[in-house]
Amino acid sequence: ALVHFAFPILAGYGVSSLISWRKEGMNKEKKKIMNVFLIAIGAFFAFAVIYNIGFESNYKSSVTNSDFVKNRMLPSMPDQYNEQFKTEYSDFVWSNMMSDWFTNAVLMLLAGALIYLFANNKVKKPVLMGGLILILVFDLWRVDSRPMDVAERSITDQVFHSKDWINFIKQ
């Protein structure tokens, strides 16, 4: 709960410091901080590309051999589906992870470009605020639209559970 309270406050301080940077002008120290910030964003994107190229099989193997898959998922299904499930599940996890990584990298690039342009007097404050709010709303919508809750029931119970109207008719 503390994290949910702290992040908006820290974000507000960050935006207010950007506004003060613009008012005061960019000195050498602030330009150096801005460059490190932009390099870090670029490195995040570059690591995503490198990881996507070279580590797919290692990642999928780790997912397939995880305790979650072995102890929670596989025991709840017939043995003949185990290999197919491992393959499909690891592909699903890999694609979601890489999709999230690239989406976050692009959002960071957009936010970094907006901040850089604002700090160097290339865009006005409403453009910065509007852009950051659009990025924030898009990211919150994207995360909220894909719930990843793990059901505690077995797969058989999920597929063949009786509906409440069936129970009513049986009475």
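**Ground rules.** I am working with a predicted model, where local features need pLDDT of at least 70, side-chain atom pairs count only at pLDDT 80 or more, and totals for chains, interfaces and linings use all residues. I number residues from 1 along each chain as its sequence is written, and side-chain values use heavy atoms, with hydrogens and water left out.

**Entry: R142.** I started with this residue, which sits in helix α6. Buried or exposed, I wondered about R142? R142 counts as buried because its relative accessibility is 10%. Next I looked for its neighbours, taking contact as heavy atoms within 4.5 Å. Leaving aside residues up to four places away in sequence, R142 touches D100, T103 and N104. I also checked M77, 65 residues from R142 along the chain, and found 31 Å between the two C-alpha atoms.

**Entry: α1.** I took helix α1, residues 2-24, and asked what its 23 residues should span. The expected span is 1.5 Å times one less than the number of residues. That gives 33 Å for α1, and its end C-alpha atoms are 33 Å apart, which agrees. In α1 I found L18, I19, W21 and R22 buried. Their cover includes α2 (28-54), α5 (82-119) and α6 (125-144). After α1 comes G25, with a positive phi near 90°.

**Entry: the whole protein.** I got a radius of gyration of 23 Å, while a compact globule of 171 residues would have one near 16 Å. The radius is taken over C-alpha atoms, and the globule rule is 2.2 Å times the number of residues to the power 0.38. Along the principal axes, the C-alpha atoms fill a box of roughly 75 × 45 × 25 Å. I noted that 23% of the 171 residues count as buried. Among contacts between residues at least 6 apart in sequence, 70% join residues at least 24 apart.

**Entry: surface.** The protein exposes about 12,400 Å², and carbon and sulfur atoms supply 65% of it. Those areas come from the Shrake-Rupley method with a 1.4 Å probe; for residues, only the protein chains shown count as cover.

Conventions
Buried < 20%, exposed > 50% of the residue type's maximum accessible area, 1.4 Å probe, protein only. Helix = DSSP H or I, 4+ residues; strand = E, 2+ residues; numbered from the N terminus.
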